Amino acid sequence: MSPEELVLAHADLRDRLFAAKLLVPCGVDGLYGRSATFEKVLNGVDAAAYALGIVDDPITISFPPMIPRSTFEAVDYLRNFPQLCGPVFTFTGDNKDHSELVHRLDEHEDYSDCLSLSEVALTPACCYPLYPSLVGQLGDGDGWYSTMGYCFRHEPSVDPMRLQAFQQREHIRVGTPDDVLSWRETWVDRIPKLLESIGLEFRTEFANDPFFGRAGRLMSRSQIEQELKIEWLVPVFGEDHPTACVSANYHQNHFGELFGISTADGAEAHSGCVGFGLERCTVALFAAHGTDVSMWPDSVTSVLWP
Ligand SMILES: [Zn+2]
């Protein structure tokens, strides 16, 4: 498939989702309203992904779709992924500044210099707010967590699997390197079973995050060489252009060192997370089984709505 054909395939699936009123255009690529049916499927995927981790008895926490700017800066998101980030700006000026702002609006001129950085940023990955909350020593038997929430990444696209605002279910393990790696192995076992049960084809790959620039290429290479990130890719647009729908990540001691987290034994904590892209899985299901949920196989719906 040529790049032009791929864009047409993206637009075709997006338009079918619009026509079926599953997604509702908002005027910006990657920002869509969702029908009750779309949300029902998404919540079914989330429930199934959550249920897979129940055996670990995780502490389940919800966070708002924003993180403190201090966390956003500490995790180096702006340094590593400036092209994706969403710091929040607001107006903090006086009456004179406000007059200038209104003037710019009236004249349809750029007003970005009338705004200033606030103390929050949009959450890029829903596990980020967890780590600073774990500062200090983990209690005996602690170290399993689960969270779900909205994330933001600035990558406008006609591809309905690449949204700017999307939800993730994440399972997180904090502990010794052995704890985290053996936990990740359990997910390497669990994830294919879930994808198979809902009728999604996939393949598995060691992958990298989209680090920016020349230094980023080195980080990407090292991430693959160290096998830190495993992705489950679903070929909605053909085998040559699969989309990562689930990933399992090993952060080594990155967050443990950054936020001063230690294991119950006092060692520096390592961490890992498993993330399900809920909209990506949902769109993949509509692509695989059609836009009419009433026609889906019982084997699939019985997993989503047991
Ligand atoms: Zn994560």
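**Overall fold and domain arrangement**

Of the 306 residues in the protein chain, 34% are buried (20 or more other C-beta atoms within 10 Å of the residue's own, with C-beta atoms placed from the backbone). The structure is a predicted model, in which local features need pLDDT of at least 70 and side-chain atom pairs count only at pLDDT 80 or more, while totals for chains, interfaces and linings use all residues. Residues are numbered from 1 along each chain as its sequence is written.

The protein chain contains 11 helices and 14 strands, which are DSSP runs numbered from the N terminus (helices, H or I, at least four residues; strands, E, at least two). The C-alpha trace spans about 60 × 55 × 35 Å along its principal axes. Among contacts with a separation of 6 or more, 72% join residues 24 or more positions apart (a contact requires C-beta atoms, placed from the backbone, within 7 Å).

An automatic or database assignment divides the protein chain into domain 1 (3-86 + 124-304) and domain 2 (89-122). The centres of the two domains, taken over C-alpha atoms, are separated by 34 Å. Contacts between the domains involve 9 residues of domain 1 and 5 residues of domain 2. On the side of domain 1 that touches domain 2, strand S4 (66-68) and helix H3 (69-74) each supply at least two residues. S4 provides the largest share of this side, 3 residues.

Key: Two residues are in contact if their C-beta atoms, placed from the backbone, lie within 7 Å. A residue is buried if 20 or more other C-beta atoms lie within 10 Å of its own, exposed if 12 or fewer, and partly exposed in between; C-beta atoms are placed from the backbone.
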